[in-house]
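Me: I would like to learn how to read pockets, helices, ring pairs and backbone angles in a model. Please go through them one at a time.

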Amino acid sequence: MSFKKNKFSVVKNAIGKELAHFLHEYLQLKKQAYLSMREIKYISDFNQDYGGMADSQCSNTFCLYSPVTTDVVLALLTPIMKKETGLNLCPTYSYSRVYERNAILMKHKDRPSCEVSTTINLGGDLWPIYIKDKKGKEHEIKLESGDMLVYGGCELYHWREQFTGNLCTQLFLHYNDTSKKGWEENKFDGRKHLGLPHQFKKYDIINK
């Protein structure tokens, strides 16, 4: 499949097995740390700096917005994304999920900061992602550890059926096409630079 023709494509071994395994372990430890901090009320229900469980697209699933570690991957993969899509892309943000048994990813399209998106399998049990092309045909995509699906997140519906495995970790990288009007508003997802927590896109904390 060609991204230029179909608005989605698969890149095999987009990241190495060692990096994928590191990120797989990193996210599991981040979840454990988050749950421990919540248990002793070190952080409030509204603090998302360490992750959260309130993802509207996939309930009861640990998710993590743009930590420094995955924002570095976001930046480093930008040249690969430019080559794969043929577009001049600006990175917006990274996002991760630790899926567990019975998780369901609702069928959806993405918000403007996710104009060109990826999902990278980091490890765990195989769990297909489905995508509907512009002609309405549904495609089942199976990714091995390190493989990446590139897709037009704002144009194509994508989803996952109920997970029958035990664990699956995914990293999402999001970009905007700089040839499109309004891309500057979404640069770094409204933050001053990559690596900042999500609240920096809402409040002008840096300049106060």
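The dialogue below takes these features in turn.

Me: What should I know before I start?

Reply: This is a predicted model, in which local features need pLDDT of at least 70, side-chain atom pairs count only at pLDDT 80 or more, and totals for chains, interfaces and linings use all residues. Residues are numbered from 1 along each chain as its sequence is written, and side-chain values use heavy atoms, with hydrogens and water left out.

Me: How do I read a pocket, and what is the volume of the largest pocket?

Reply: Rolling a probe the size of a water molecule over the atoms shows where empty space is left. On a 1 Å grid over the protein atoms alone, a pocket is an open set of points where a 1.4 Å probe fits, with protein on both sides within 12 Å along at least five of seven lines; lining residues have an atom within 4 Å of a point. Grid points are joined across faces, edges and corners, and the volume is the space filled by probe spheres set on the points. Here the largest pocket has a volume of about 700 Å³. It is lined by 33 residues, and those closest to its centre are Q48, D55, S56, C63 and Y95. Two or more lining residues come from each of α2 (17–39), β2 (62–65), β3 (89–100), β4 (105–108) and β10 (167–177). These labels are DSSP runs numbered from the N terminus: helices are H or I with at least four residues, strands are E with at least two.

Me: Which classes of residue make up the lining of the largest pocket?

Reply: Ala, Val, Leu, Ile, Met, Phe, Trp, Tyr, Cys and Pro count as nonpolar, Asp, Glu, Lys and Arg as charged, and the others, Gly among them, as polar. On that scheme the lining of the largest pocket has 14 nonpolar, 11 polar and 8 charged residues. The second largest pocket, at about 170 Å³, has a lining of 2 nonpolar, 2 polar and 5 charged residues. Its lining residues are M1, K5, N6, F8, D133, K134, K135, K137 and H139.

Me: How do I read a helix, and which residues of α2 are buried?

Reply: An α-helix has 3.6 residues a turn, so residues three or four places apart point the same way. The expected span is 1.5 Å times one less than the number of residues. α2 has 23 residues and reaches 33 Å from its first C-alpha to its last, close to the 33 Å expected. Buried means under 20% relative accessible area, exposed over 50%, and partly exposed in between, with a 1.4 Å probe and protein chains only. The buried residues of α2 are A20, L23, H24, Y26, L27, K31, Y34 and M37. Their cover includes β2, α3 (68–76), β3, β5 (116–124) and β10.

Me: How do I read ring pairs, and how many aromatic pairs does a search of the whole structure find?

Reply: Rings of Phe, Tyr and Trp (its six-membered ring) pair if their centres lie within 6.5 Å; planes under 30 degrees apart count as stacked, over 60 as edge-to-face and the rest as tilted. The search finds 8 aromatic pairs. One of them is Y93 with Y95, edge-to-face at 6.5 Å centre to centre and 80° between the planes. Both Y93 and Y95 are buried. Another pair, Y130 and W159, is stacked, at 5.9 Å centre to centre and 15° between the planes. That pair links distant parts of the chain, with Y130 in strand β6 (residues 129–132) and W159 in strand β9 (residues 158–160), 29 residues apart. W159 counts as buried because its relative accessibility is 6%. Ring pairs also link Y65, Y93, Y95 and F172 into a cluster.

Me: Where do K7 and N60 lie, and what is phi in each?

Reply: K7 is in the loop between α1 (3–6) and β1 (8–11), with a positive phi near 65°. At 22% relative accessibility, K7 is partly exposed. N60 is in the loop between α2 and β2, and its phi is also positive, near 55°. N60 is exposed, at 67%.

Me: Is T61 buried or exposed?

Reply: T61 is buried, with a relative accessible area of 2%. It lies in the loop between α2 and β2. Contact means heavy atoms within 4.5 Å. Leaving out residues up to four places away in sequence, T61 touches G52, M53, R97, V98, Y99 and A103.
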